[in-house]
Amino acid sequence: MSAVSNTIFNNYLTAYGAPKLSKYDTHKKSELRGTYNSIVKANKDAPWFLPINDQDTKFGAIGLKESARNLRSSLAEVGGLEEDGSFNKKHASSTDPDIITVDYIGDDNSDSVPSFDIEIKQLASPQENLGKFLEDGPTTLPEDNYSFDVNIGDMNYEFQFHISEGESDRNIQERLVRLVNNAGIGLSAALEKEGDTASIRIKSESSGLAPGKDTIFNISDDKTSKSSGAVDYFGLGNVVSYPTNALFGLNGEDRQASSNHFTIGKMYEVTLNALSPEGQPTTISIKADIDSVEDNVNQLIGSFNEFLKAVNSYAGNGIKTRVLDNELNGITNFYREQLNALGINIEASGELSIDSEKFRDVAEESEDIGATFSTLKDFSNSMIRKSNQVALDPMQYVNRKIVAYKNPGHNFSSPYTSSAYSGMMFNYSC
């Protein structure tokens, strides 16, 4: 059973990858209970359908659910879940995004957020090992079971493999690359070719140095359980690039970090991209209110358009995209007049666009931004409700044949009965 579950999970990740998580992907027990109750109710009232065997349709249903979840998370990031109103989220700016990119993660109700000058003197870097370059010929290592040890921090891992008589060095190198990559221990390996020769390059996924250390990982077979000699033969322990910490000045004070991605004062999430020109620090600060509002609205528009594109991408895969398209058009048309007054237009394709000049004029003339942009709050709430509905039951947009309707008024919950949700893998709250 475990092997089957792993196969299903790996297939799911292959098709959809691991989406970016946010704080809005965590849920209270009451929210999870509400989702479960909604699923039970939907199953209770649903008619009986013929099973769906088409693989594209199954992927389309799950993809539709994931797209709806992404829309909800994006709307939540601009305050769509807050009762006090949305689009008041603060945004950070960098005077040189090529040097430093930054996001604001602090309290949006904070009256005063300081700015910082950052001068990057050195970027954090990972460790790299590069083995010996060997030709693609029979190995000179004798046939045997071999192993080597990898030490990362406080953890030790042993890798075991077998070398057959007459096996080529290239074949062994390729197997070792797969062995390291499949281990999932924070190392990545690749076969680097140079003419007719090839070498194994092993790189750490993390960067920086722990106190008292000069490497992130070490490879040896001095005290391994199987035969030794492979580490020296392939040069797996040869360090060609030692890890470094990021060195930078923060408002003139020298600082260092083990990663190029870190936070400052629980206010800014910073990513260092390149070295600063000497004596020219980059300033990170909070954008003006009108700029933040425009960024939030642009995120709303972009999220809606991405969802619309995702919906249409499933056309022809057994998904009733026209039905969902019409529902989305119904929402945008309901707010068309109010949106146009704010400089937000509905294109012929159904997508939204913004007239930035008109939008800023409306914002600058407004005495109460919250009241002026209440339409956007209402529109955002409508889209959140629609995304919740799609994420809860994407099967309602699948072309299915009804076998029989349940007896009206005499239905009952049957959580142990197979339903559309059984086997549909939900890795989030619904």
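## A buried glycine in a loop

Gly 208 touches Ser 125, Ile 216, Pro 243, Thr 244, Asn 245 and Ser 258, leaving out residues up to four places away in sequence. Contact here means heavy atoms within 4.5 Å. This is a predicted model, in which local features need pLDDT of at least 70, side-chain atom pairs count only at pLDDT 80 or more, and totals for chains, interfaces and linings use all residues. Residues are numbered from 1 along each chain as its sequence is written, and side-chain values use heavy atoms, without hydrogens and water.

Gly 208 sits in the loop between strand 10 (197–204) and strand 11 (217–220). Its relative accessible area is 5%, so Gly 208 is buried. The cut-offs are under 20% for buried and over 50% for exposed, with partly exposed in between (1.4 Å probe, protein chains only). Gln 256 is 48 residues from Gly 208 in sequence. In space, their C-alpha atoms are 9.5 Å apart.

## The chain as a whole

The protein chain has eleven helices and 20 strands. Both are DSSP runs numbered from the N terminus: helices are H or I with at least four residues, strands are E with at least two. The chain has 430 residues, and 40% of them count as buried.

The chain exposes about 23600 Å². Carbon and sulfur atoms supply 48% of that area. Accessible areas come from the Shrake-Rupley method with a 1.4 Å probe; for residues, only the protein chains shown count as cover.

## Helix 11 against helix 3

Two packed helices are described by the angle between their axes and the distance between the axes. Helix 3 covers residues 55–77, and helix 11 covers residues 374–392. Their axes come within 8 Å and cross at roughly 150°. Axes are lines fitted to C-alpha atoms, for helices over the stretch in contact, and angles run from 0 to 180 degrees between N-to-C directions. Helix 3 and helix 11 are therefore roughly antiparallel. Angles over 145 degrees count as roughly antiparallel, under 35 as roughly parallel, 65 to 115 as roughly perpendicular and the rest as oblique.

The crossing of helix 3 and helix 11 is left-handed. That word applies if the near helix is turned anticlockwise from the far one by less than a right angle; clockwise makes a crossing right-handed. Helix 3 brings Leu 64, Lys 65, Ala 68, Leu 71, Arg 72 and Leu 75 to the contact. They meet Ser 380, Met 383, Ile 384, Ser 387, Asn 388, Val 390 and Ala 391 of helix 11. By class, the contact of helix 3 with helix 11 has eight nonpolar, three polar and two charged residues. Ala, Val, Leu, Ile, Met, Phe, Trp, Tyr, Cys and Pro count as nonpolar; Asp, Glu, Lys and Arg count as charged; the others, Gly among them, count as polar.

## Helix 11 against helix 7

Helix 7 (residues 321–334) also packs with helix 11, at an angle of about 165°. Their axes are 10 Å apart. Helix 7 and helix 11 are therefore roughly antiparallel to each other. Their crossing is right-handed.

On helix 7, the contact uses Leu 324, Glu 327, Leu 328, Ile 331 and Thr 332. On helix 11, it uses Phe 379, Ser 382, Met 383, Lys 386 and Val 390. These residues divide into six nonpolar, two polar and two charged.

## Buried residues in helices and a strand

Gln 173 lies in helix 4 (residues 169–183). It is buried, with a relative accessible area of 1%. Beyond neighbours within four places in sequence, Gln 173 contacts Lys 132, Leu 134, Leu 191, Ala 198, Ser 199, Ile 200 and Phe 234.

Ser 292 belongs to helix 6 (residues 289–313). Ser 292 is buried at 4% relative accessible area. Its C-alpha atom is 5.3 Å from that of His 91, 201 residues away along the chain. Tyr 268, in strand 16, counts as buried at 0% relative accessibility.

## Two positive phi angles

Asn 251 is not a glycine, yet its phi is positive, near 55°. Asn 251 lies in the loop between strand 13 (246–250) and strand 14 (253–257). It is partly exposed, at 47% relative accessible area.

Lys 266, not a glycine either, has a positive phi of about 55°. Its loop runs between strand 15 (261–264) and strand 16 (268–272). Lys 266 is exposed, with a relative accessible area of 72%.
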